[in-house]
Amino acid sequence: MTVKLVVIIFIVTYLFLMTEKWNRILAAFGGGISMLVIGAYSIDQALFQYIDWKTITLLFAMMLIVTMTSKTGFFEYSAIKLAQMVKGNGVAILLIFTFLAAVGSAFLANVTIAMLLVPILFTLIRILELPPIPYLISMILACNIGGTATLIGDPPNMMIGQAVEHFTFNTFIVNLMPVAALVLGISMLLLTLLYYRQLTVSEEKVEELSKLNPKDYTKKRKWIGGIFECFATCSNWFFLTILSPFRCNHRCHCGCCAVDGTPREKVFT
């Protein structure tokens, strides 16, 4: 009877998740609590065996770093500056954002990078009156490909890295980054061949882009240095896996602590 109930709860939960008729967080919690109520597992198993706290804390720390960085306006500044450097060329913008999304997803959470870059990309393509579909496809591909390259780029990679001790940050880079780079290069080539005719921009729109001041999108400039100190600390600790006795989630937390010089009231407002 328990097996049947487990299957029923599983199916119902996923129906809620797929149809989005109910908040997905509440649907997942409801499914988990229902499993607990019918006795599929005990509360001790739920808290200490089935919940991967190492991955959750690693995700939390990565999200914290990205949130602090996004508050500086650094991502918006970089995107507009790069678009101006290529003078609004539609193909160049496609390739640049694909590359940025892939690299960002490799060293930060890919879902977060997508959430940060897509609004900026939409602003640019609206100004230049470019079709959104090629850019959305490129972002989806780049975020997934880039996230595959490192231990911290994708939640499944995080779970694997935390579960298997000898799968270090460097192990993922050595084995997966070359493959990810090859797939990314092929994807960028195919996207260019498929859509380059649709990505032409008029002179008027290029002029409109040139009038944008990237510095207008920067905020809280005084603590940008502290944020990059935090990111540099995390990066060094990830790469120095052999010399460090700590796991990835601990290193990421230490990186967050490196921003101690930044006033807290400015970071979280």
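Guide: A term to start with: buried means under 20% relative accessible area, exposed means over 50%, and partly exposed lies in between. Also, this is a predicted model.

Visitor: Okay. How much of the protein chain counts as buried?

Guide: 38% of its 269 residues count as buried.

Visitor: And how many helices and strands does the protein chain have?

Guide: There are 14 helices and zero strands.

Visitor: Let's talk charges. How many salt bridges does the structure hold?

Guide: It holds two. In general, side chains of opposite charge can pair when their charged atoms come close.

Visitor: Which side chain meets E129 in a salt bridge?

Guide: That is K205, at 3.2 Å from N to O. E129 sits in the loop between α7 (110-128) and α8 (132-148), while K205 is in helix α11 (residues 203-210), so the pair ties together parts 76 residues apart in sequence.

Visitor: Is E129 buried or exposed?

Guide: E129 counts as exposed, because its relative accessibility is 58% and the cut-off for exposed is over 50%.

Visitor: What about K205, buried or exposed?

Guide: K205 is buried, with a relative accessible area of 17%.

Visitor: Which residue is the partner of K205 in the salt bridge with a 3.7 Å gap?

Guide: That partner is E208, and 3.7 Å is the distance between the closest N and O atoms. K205 and E208 are three residues apart in helix α11, so about one helical turn separates them. E208 has a relative accessible area of 39%, so it is partly exposed.

Visitor: Which residues do the salt bridges join into one network?

Guide: E129, K205 and E208, through salt bridges that share partners.

Visitor: New topic. What volume does the largest pocket have?

Guide: Its volume is about 910 Å³. Of the 24 residues that line this pocket, A28, F29, G32, Y50 and I51 are the closest to its centre.

Visitor: Which helices each supply at least two residues of that lining?

Guide: Four of them do: α1 (2-19), α2 (24-37), α3 (43-50) and α4 (53-70). The largest share is from α2, with seven residues.

Visitor: What is the lining like, by class?

Guide: Count 19 nonpolar residues, four polar and one charged.

Visitor: Now the surface. Which residues form the nonpolar patch?

Guide: V3, V7, F10, I11, Y14, L15 and M18 form it. Together they have about 720 Å² of accessible area.

Visitor: Where is M18, and is M18 buried or exposed?

Guide: M18 is in helix α1. Its relative accessible area is 60%, so M18 is exposed.

Visitor: Last stop, T192. Where is its place?

Guide: Look in helix α10 (residues 169-195).

Visitor: Why does T192 count as buried?

Guide: Because its relative accessibility is 19%, and buried means under 20%.

Notes: Residues numbered from 1 in each chain as written. Predicted model: local features only at pLDDT ≥ 70, side-chain atom pairs only at ≥ 80, totals over all residues. Heavy atoms only, no water. 1 Å grid on protein atoms, 1.4 Å probe; cavity = no way out; pocket = protein on both sides within 12 Å on 5 of 7 lines; lining within 4 Å. Points joined across faces, edges and corners; volume = space filled by probe spheres on them. Helix = DSSP H or I, 4+ residues; strand = E, 2+ residues; numbered from the N terminus. Nonpolar A, V, L, I, M, F, W, Y, C, P; charged D, E, K, R; others polar. Patch = residues over 30% accessible without salt bridge, like charges linked within 9 Å, V, L, I, M, F, W, Y side chains within 5 Å. Areas by Shrake-Rupley, 256 points an atom, 1.4 Å probe, with all protein chains shown as cover. Salt bridge = Lys/Arg side-chain N within 4 Å of Asp/Glu carboxyl O. Buried < 20%, exposed > 50% of the residue type's maximum accessible area, 1.4 Å probe, protein only.
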